[in-house]
Amino acid sequence: MAALTREHGVPFIIVLLDPTDPEIKAAFTAIPGVKLMDVGGLSTAFHPNEGHPAPLWHQVVAHAIAADPLLSNLTGMPELLAPSAIADPPMREWHSSWDRSLGAGKLFIRYPAQPTDTLKVEFVGPPAREVRSSVVRHGDIRATKGRTYAFEMVARASGQRPLTFALDRATAPFDNLGLRGDIQLTPEWQRVRRYFVATGDDTAAALALSVGASTESIEFATAPLLRELAGDELAAAAASLAQPQWKLSAEHPSQASLEHVSPVPQTPFLVRVQASGEDIWEIQLQLDGIALEAGREYTFALRARAARARPWSMRSRSIGRAGRISVCGAGRSWVPGGRRCDETLSPPPTRPMPE
């Protein structure tokens, strides 16, 4: 093909649609008259489980070809260099996938037509059984072990629904890199900010938003952002992370999520129970890393309320050299051993509780 086009004075270009090894690229360019245009890896928007490029992939690749001066330079036709002919969609780094084996319906990303528009995730078919069976993700995230980052997101949903977020390695063993959390979305805009320290190095980590278990649509005001902190913001984040933080655990089949009302991962926060178990200790709100000394007396103060009267229980116990306080509430309030107290939370007062 290269010889035939050269004989007739026609430019010959090989367009690389997939990531290609340097050895193969070198072999192509060694052929007289051959030019390469590499658009492989610009987008990973493929239809799940079948591998065909999605419409977004075609748009991204077409934009790259139109914006490359190679065609114009080879032909002397300036009109072939047209970067604005095909839009480069905002937030195109975000892609979707779903696991059909879990009975999940499809999800679609509606990309913003303008940079000021929102990014929308919509669903067709039955809801997935698990929140992690449908994912919206951004790959190629650089993380450096020991450095502090902030994850930020402004989102809402057409109704109440769960969403989890995590920064994981994109390749085996797919371990978490320090960011993992849950939020319950509502029709009101919510701003999420989480500080964390990266637990490993990765030049192509995946920021994953798990959006299964519901067909309520999701809208992001801006692209969810992961950024490294410096200066005063780094100092403030380090001080926040140095403090003990509450976390939530739930044993199957119980399901619950922890939603921080303030940007900093401390109080106030909201615990939503999607599925309660038989034992009150199957859902635990835990605070670790408390320094305790034998023989001393301590006071534990908690200000809480519930939509309806419901039981909860508290106990403290040692984990290594540090203490843990567990606050629980699911069903019956029995626990073997441990220092504990049992109370009943009351419905909210008629006027709002102060911050």
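pLDDT is the predictor's confidence in each residue, from 0 to 100. You need that here, since this is a predicted model.

Let's start with confidence. The chain has a mean pLDDT of 79. Of its residues, 82% reach 70 or more. Where is confidence highest, and where is it lowest? The highest is strand β12, residues 218-220, at 95. The lowest is strand β20, residues 339-345, at a mean of 50.

Now two stretches to flag. Over residues 330-340, pLDDT stays under 50. The model still has 32 contacts there beyond four places in sequence. Residues 348-355 are also below 50. That stretch has ten contacts beyond near neighbours in sequence. Where pLDDT is low, the predicted coordinates should not be read in detail.

On to the inside. The largest nonpolar core has 32 residues. Which members touch the most others? They are Phe 151, Met 153, Leu 163, Leu 167, Phe 220 and Leu 226. Strand β7, residues 148-157, gives the most to this core: five residues.

Another core lies apart from the largest one. This other core has ten residues, including Met 37, Val 60, Ala 64 and Leu 70.

Last, helix α3, residues 55-67. This helix has 13 residues. From first C-alpha to last, α3 reaches 18 Å, close to the 18 Å expected at 1.5 Å a residue. Which α3 residues are buried? Leu 56, Trp 57, Val 60, Val 61, His 63, Ala 64 and Ala 66.

How values were computed. Residues are numbered from 1 along each chain as its sequence is written. This is a predicted model: local features need pLDDT of at least 70, side-chain atom pairs count only at pLDDT 80 or more; totals for chains, interfaces and linings use all residues. Side-chain values use heavy atoms; hydrogens and water are left out. A nonpolar core is a set of buried Ala, Val, Leu, Ile, Met, Phe, Trp, Tyr and Cys residues joined through side-chain atoms within 4.5 Å. Buried means under 20% relative accessible area, exposed over 50%, partly exposed in between (1.4 Å probe, protein chains only). Helices (H or I, at least four residues) and strands (E, at least two) are DSSP runs, numbered from the N terminus. Contact means heavy atoms within 4.5 Å. The expected span of a helix is 1.5 Å times one less than its number of residues.
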